[in-house]
Amino acid sequence: MTVNVLFAAKQEGWETYEQPLRKALSAAGLDARLATDMPAAEVDYIVYAPNSDLQDFTPYTRAKAVLNLWAGVERIVGNETLEIPLARMVDPGLTKGMVEWVSGHVLRYHLGLDTDITRTDPRWAPRTPPLAEERSVVMLGMGALGSAAAEMLTRIGFDVTGWSRSPKDVPGVTCLHGEDGLQDALAKAEIAVLLLPDTPATENTLNAETLALMPRGACIINPGRGPLIDDDALLAALDSGQIGHATLDVFRTEPLPQDHPYWAHPKVTVTPHIAAATRASTASASIAENIRRGEAGEDFLNLVDRGLGY
Ligand code: NAP
């Protein structure tokens with residue numbers, strides 16, 4: 001039987017995804033009709049980007065699931081017209097990209113690479129950085145991305161602590177959870193990486209109070225979402241020396257406004273939301289697998305809990 005799949009994203013998304021999705025649907029053994037437009041009442045699955053024009057799901061009476069192309073769901077999770085299952089993107093290509101980006105930025109801080117890269121005077125000043133095992137890195141968020149990045153950091157040798165909402169058991173990682181866990185984690189976070197989702201419960205996870213718990217001069221890397229950090233508190237902590245440096249990939253407003261203090265701050269590196277991109281070929285395989293599951297009556301993978309917001 002033909003499965004009707006609506007692709008609801010911007011035109012450039014269609015250009016990127018059309019061929020990989022057709023290939024993945026066929027590889028999953030599905031006879032699929034894939035299009036950017038079809039009568040709402042005929043749609044079985046909606047492959048979706050939250051910046052799509054589609055915001056009212058009520059006409060899609062037959063649809064079985066909305067399959068998000070993005071890992072972050074904060075722009076769709078509260079949509080009250082959406083009553084069918086919503087799956088977020090877990091893409092092996094995206095995960096690999098995030099692991100590489102996080103590892104690179106952690107190593108930058110750990111090895112003090114800026115000392116040599118930004119030196120302007122002919123100063124010969126050898127130094128010996130500590131070994132990774134002597135460096136405590138804290139991963140705030142131990143989901144698909146955080147746990148993969150934490151695992152890579154343990155392989156390099158770092159002393160890694162992970163923090164999540166629920167208890168976890170990850171080999172080689174000290175796993176903490178809940179409010180007390182956050183305090184204990186931050187108390188030893190020489191480098192903190194934020195890979196939490198943007199939900200009401202995670203907003204301002206790093207604020208004046210929690211930043212003060214970190215060792216003086218600690219570094220922050222945020223590839224998660226902008227609202228995880230109270231920006232004014234971070235700027236104050238950078239200016240006081242409590243925080244040594246921050247690498248920020250995501251912001252409350254994107255693109256980051258040109259007059260935002262982060263751009264010119266000497267202790268901030270701004271990257272333009274590039275930590276990890278969804279890769280069309282691997283992401284298409286994830287989407288096709290969820291459609292195959294839906295058709296086989298199996299549980300969908302990576303379902304979003306609307307109550308928790310992620
Ligand atoms: P995920 O699998 O849903 O993992 C989220 C993690 O955060 C889980 O470990 C979860 O705990 C934890 N968490 C959620 N709420 C919490 C709370 N209130 N207190 C403590 N921990 C909490 O998400 P993911 O796929 O790893 O992605 C994480 C985020 O990365 C996305 O939401 C997105 O915003 C961001 N992202 C950024 C980029 C980029 O290019 N910058 C690319 C992709 C994704 P439990 O394990 O207990 O549920």
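Residues are numbered from 1 along each chain as its sequence is written, and side-chain values use heavy atoms, with hydrogens and water left out. Because the model is predicted, local features need pLDDT of at least 70 and side-chain atom pairs count only at pLDDT 80 or more, while totals for chains, interfaces and linings use all residues.

**Exercise 1. Describe the second largest pocket: its volume, its lining and the elements that contribute to the lining.**

Step 1. On a 1 Å grid over the protein atoms alone, a pocket is an open set of points with protein on both sides within 12 Å along at least five of seven lines; a cavity is a set where a 1.4 Å probe fits but cannot get out; lining residues have an atom within 4 Å of a point. Grid points are joined across faces, edges and corners, and a volume is the space filled by probe spheres set on the points.

Step 2. The volume of the second largest pocket is about 160 Å³. Its lining consists of Arg-108, Tyr-109, Asp-114, Arg-135, Glu-190, Ile-191, Pro-215, Arg-216, Gly-217, Ala-218, Cys-219 and His-245. Two or more of the lining residues come from each of helix H2 (92-111) and strand S10 (218-222); helices (H or I, at least four residues) and strands (E, at least two) are DSSP runs, numbered from the N terminus.

Step 3. By class, the lining has 5 nonpolar, 2 polar and 5 charged residues. Here Ala, Val, Leu, Ile, Met, Phe, Trp, Tyr, Cys and Pro count as nonpolar, Asp, Glu, Lys and Arg as charged, and the others, Gly among them, as polar.

**Exercise 2. Find the cavity of 30 Å³ or more, and examine the salt bridge between Arg-252 and Asp-231.**

Step 1. The structure has 1 cavity of 30 Å³ or more.

Step 2. Lining the largest cavity are Asn-222, Gly-226, Ile-229, Asp-231, Leu-248, Val-250, Phe-251, Arg-252 and Tyr-262. They divide into 5 nonpolar, 2 polar and 2 charged residues.

Step 3. Arg-252 and Asp-231 are joined by a salt bridge, with 3.5 Å between the closest N and O atoms; the term means a side-chain nitrogen of Lys or Arg within 4 Å of a carboxyl oxygen of Asp or Glu. This pair links distant parts of the chain, 21 residues apart: Arg-252 is in the loop between strand S11 (243-248) and helix H8 (261-264), and Asp-231 is in helix H7 (residues 231-240).

Step 4. Asp-231 is buried, because its relative accessible area is 16%, whereas Arg-252, at 40%, is partly exposed. The classes are buried under 20%, exposed over 50%, and partly exposed in between (1.4 Å probe, protein chains only).

**Exercise 3. How many salt bridges does the structure hold, and where do the partners Asp-53 and Lys-10 lie?**

Step 1. The count is 17 salt bridges.

Step 2. Asp-53 and Lys-10 form one with the closest N and O atoms 3.9 Å apart. Its partners are 43 residues apart and link distant parts of the chain, with Asp-53 in the loop between strand S3 (45-48) and strand S4 (65-68), and Lys-10 in the loop between strand S1 (3-8) and helix H1 (11-27).

Step 3. Asp-53 is exposed at 71% relative accessibility, while Lys-10 is partly exposed at 32%.

Step 4. Glu-289, Arg-292, Arg-293 and Glu-298 are linked in a network of salt bridges.

**Exercise 4. Is Leu-67 buried or exposed, and how far is Leu-67 from Leu-303 in sequence and in space?**

Step 1. Leu-67 belongs to strand S4. With a relative accessible area of 2%, Leu-67 is buried.

Step 2. Leu-67 and Leu-303 are 236 residues apart in sequence and 9.1 Å apart in space, C-alpha to C-alpha.

**Exercise 5. Locate the cis peptide bond and two residues with a positive phi, Asn-204 and His-273.**

Step 1. Most residues other than glycine have a negative phi, and most peptide bonds are trans.

Step 2. The bond between Glu-254 and Pro-255 is cis, with omega about -5°. Pro-255 lies in the loop between S11 and H8.

Step 3. Asn-204 is not a glycine, yet its phi is about 55°. Asn-204 sits in the loop between strand S9 (191-194) and helix H6 (208-211).

Step 4. His-273 has a positive phi near 50° and is found in the loop between S12 and H9.
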